[in-house]
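Dear colleague,

I am handing over a structure that I have been reading through, and I would be glad if you kept it open beside this message. My notes come after it.

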Amino acid sequence: MTEILAQRSTDRVAAELRERARELAPVFAGRAARTEANRAPLDESVRDLVDSGLLSAVVPKVYGGYELGLHDMTDIIRTLSAGCPSTGWVAAFYIGAAWRANLFGEKVQREIFADKPYVLGAGQAAPIREARRVPGGYVISGQTAWSSGSVHAEWIMFMGVVVDDGVPAPTLFMVPREQTEVVDTWHISGMAGTGSNDVRVEEVFVPEYRAASFVDALNGTAEGQLLHPNPMYQLPFVPFTMCEVVPVVVGALRGATAAFTTRTAERQGTISQEKAVGKQAAQIRLGRALASADAAEALLRHYVDRILDRRPTRADPGDRAEMKLRGAFISNLCRDAVNDVVRGIGGDGFRTHSPLQRFFRDINVVSVHAFLDIDTAAETIGRQALGLPLEDRLI
């Protein structure tokens, strides 16, 4: 499938992949309850993602991918997440894993894409316990949380702080899945189907070529990024990552709004026997939800335009902080909108078979993700406006 699409124009490929995402969204929606119970994407859902070619969306053409743009990527993620936020979240990180592979040198890139134009990759930004330099590379040990997609991952990226001559150097390490242990810790009330388990390594040797500077990645100047002329691959780490996570929340709000529309049309009061479709309060609440979903999608498009038109640079951390706040603001808008919706769904809307209660839990959980925390992002911009030094290390 990937080889056939690769022969077509970029615009046609993008259109076809968007259509495949639209076809998969209701399939994933039908599996959402089982995905949640499984605490990870279902095997058949991962196979569907692979077979669809969606995971090759931002893989460089030199490795057989489509090298589509950020708007294409965010549209695909948003569409999938409207069906099942958990599956959309993992799909986002599997698509984005191809971009993160380019933080490393050419040898790692060719190793990862040697036999296929995609990668099932997991990773996390929290540092592990120990990373020390040894002849030929590094030895890493520790356990870290929030490794989304770890259940099906083939490669897992770790971050550790290497101390050279007394100077701490945050460093990324790319490790084959078989050298790691996935620890079954993912028990949570929302985004339960993401398989975001802990991962552990103990005295694992990582050769020098599978390491990359995290500071350079934050600046968009990592060694592997500079190999590709496409400016998309030279974005700073956090603004790109926001293009993975924000579309999930935006898509989830659209899915929740569609579910609320259906419920309002079908709902009838148990005691009053009054149909909800005729109630002014329901109509107003639905109107607000639709406006919020439209606004969130427009803000997401503007966010991507902003990245493409004025790429955040190493010389301007304040610019990157502004982009983080914009992403967090979109997420907060979606959270407020879905919380308004659920106040009008009635008790039956919280039964486990109702998709609305799942959207409610998923959006509220994902909105407290470290990259989407509105308080931290707003504090940083507030400090900047007051002439105070920036303290957020994840910008």
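This is a predicted model: local features need pLDDT of at least 70, side-chain atom pairs count only at pLDDT 80 or more; totals for chains, interfaces and linings use all residues.

Residues are numbered from 1 along each chain as its sequence is written, and side-chain values use heavy atoms, with hydrogens and water left out.

I begin with the cores. A nonpolar core is a set of buried Ala, Val, Leu, Ile, Met, Phe, Trp, Tyr and Cys residues joined through side-chain atoms within 4.5 Å, where buried means under 20% relative accessible area, exposed over 50%, and partly exposed in between, with a 1.4 Å probe and protein chains only. The largest nonpolar core has 93 residues, and those with the most contacts inside it are Leu70, Leu80 and Phe237. Helix H9 (residues 237-266) gives the most to this core, namely 15 residues; helices (H or I, at least four residues) and strands (E, at least two) are DSSP runs, numbered from the N terminus. Leaving aside residues up to four places away in sequence, Leu70 touches Met232, Leu235, Phe240, Cys243, Val304, Ile307 and Leu308, where contact means heavy atoms within 4.5 Å. A second, separate core of 16 residues includes Ile156, Phe173, Val175 and Val201.

Next come the strands, two of which pair if DSSP finds at least two bridges between them. Four strands form an open sheet in the order E1-E4-E5-E8, with mixed pairing. E1 and strand E8 (211-213) stand at the edges, each with a single partner strand, so one side of each is left without a neighbour in the sheet. Within this sheet, strand E4 (residues 155-164) and strand E5 (residues 167-176) pair in the antiparallel sense over 10 bridges, and Trp155 stands opposite Pro176 in E5.

Elsewhere, strand E3 (residues 137-147) has eight of its 11 residues buried, so it is largely enclosed by the rest of the structure. Five bridges join strand E2 (residues 130-134) to E3 in an antiparallel arrangement, and Ala131 has Ile140 in E3 as its bridge partner. E3 is also joined, again antiparallel, to strand E7 (residues 197-207) by eight bridges, with Gly137 standing opposite Pro207 in E7.

Finally, the rings. Rings of Phe, Tyr and Trp (its six-membered ring) pair if their centres lie within 6.5 Å, and planes under 30 degrees apart count as stacked, over 60 as edge-to-face and the rest as tilted. By this rule the count comes to seven aromatic pairs. One of them is stacked, because the rings of Tyr63 and Phe113 have their centres 5.2 Å apart and their planes at 20°. This pair links distant parts of the chain, 50 residues apart, with Tyr63 in the loop between helix H4 (43-52) and helix H5 (70-83) and Phe113 in the loop between helix H7 (106-112) and strand E1 (121-127). Tyr63 counts as buried at 10% relative accessibility, and Phe113 counts as buried at 5%. The rings of Trp89 and Phe93 have their centres 5.0 Å apart and their planes at 55°, so that pair is tilted. Trp89 and Phe93 both lie in helix H6 (residues 85-101), four residues apart, about one turn of the helix.

With best wishes
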